[in-house]
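Keep the structure in view as you read, and look up each residue as it comes.

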Amino acid sequence: MERKLIWSEAGLAGLVLGLVTAACFYLSSLLGNALVNVAVWIVKFAGCIYLMYFFMKKFVTVHSDANNGDSFKFGVAVALLSAFIYSISYYVFTVYVKPDMFDAALSAVMENYSSILDSNSLEQIENMVPKLPAIGFFANLIYCFLYGTMVSAIISRSVPSSNPFDRNTPDEQ
């Protein structure tokens, strides 16, 4: 299957998946209620897996010549693009929407560890705080990409089905 075709179709799927996860992140970060955060996390976890399955299934249904390798490549492209969208939204949130997000964590670290850390260590921790949004961007990018790649590897084993009588053609939908 042609690489351009996979990437062009993965663009929309990655955008949708990235925006859904970003919306869940914004919702849980702005509400701050522990019970709501757990519910949002469960919805996000199950929703991401379902959306990945939905987009991969749709891809192999539209392209009847697609095999398991093609669906895996499509899933990896979706994972990369959605991870990029989510990481950008995380960075925007921590820099522009809620820039004091890490200040509370810094205060807790200073309060708990000020008696056992020397002044140089405390100063290094304070100097690291402005870099945390960029660190978070790359950490989220790597984590989300690896997570999405694992999910697409699992899903691609059954999409498309290896049973020749189980595959739908585009006319049967």
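**A residue on the inside**

Ser87 counts as buried because its relative accessibility is 0% (buried is under 20% relative accessible area, exposed is over 50%, and partly exposed is in between, with a 1.4 Å probe and protein chains only). This is a predicted model, in which local features need pLDDT of at least 70 and side-chain atom pairs count only at pLDDT 80 or more, while totals for chains, interfaces and linings use all residues. Residues are numbered from 1 along each chain as its sequence is written, and side-chain values use heavy atoms, leaving out hydrogens and water.

**Around Ser87**

- Ser87 sits in helix α3 (helices are DSSP runs of H or I with at least four residues, numbered from the N terminus).
- Setting aside neighbours within four places in sequence, Ser87 is in contact with Phe137, Asn140 and Leu141 (contact means heavy atoms within 4.5 Å).

**A nonpolar patch on the surface**

- Leu30, Phe84, Ile88, Tyr91, Val92, Tyr96 and Val97 make up a nonpolar patch with about 660 Å² of accessible area together (areas come from the Shrake-Rupley method with a 1.4 Å probe, and for residues only the protein chains shown count as cover).
- Patch residues have over 30% relative accessible area and no salt bridge, and nonpolar side chains (Val, Leu, Ile, Met, Phe, Trp, Tyr) are joined within 5 Å, like charges within 9 Å.
- A salt bridge is a side-chain nitrogen of Lys or Arg within 4 Å of a carboxyl oxygen of Asp or Glu.
- Helix α3 (residues 68–97) gives the largest share of the patch, six residues.
- Val97, also in helix α3, is partly exposed, with a relative accessible area of 43%.

**Two helices side by side**

- Helix α4 (residues 101–113) packs with helix α5 (residues 119–128) at an angle of about 175 degrees, and their axes are 11 Å apart.
- That makes α4 roughly antiparallel to α5 (angles over 145 degrees count as roughly antiparallel, under 35 as roughly parallel, 65 to 115 as roughly perpendicular and the rest as oblique).
- On the α4 side, Leu106, Val109 and Met110 meet Leu122, Ile125 and Glu126 of α5.

**Outside the helices**

- Asn67 is in the loop between α2 (34–62) and α3, and at 41% relative accessibility Asn67 counts as partly exposed.
- Asn67 and Arg157 are 90 residues apart in sequence and 9.7 Å apart in space, C-alpha to C-alpha.
- Most peptide bonds are trans.
- The bond from Val159 to Pro160 is cis, with omega near 0 degrees, and Pro160 lies in the segment after α6 (132–156).

Key. Axes are lines fitted to C-alpha atoms, for helices over the stretch in contact, and angles run from 0 to 180 degrees between N-to-C directions.
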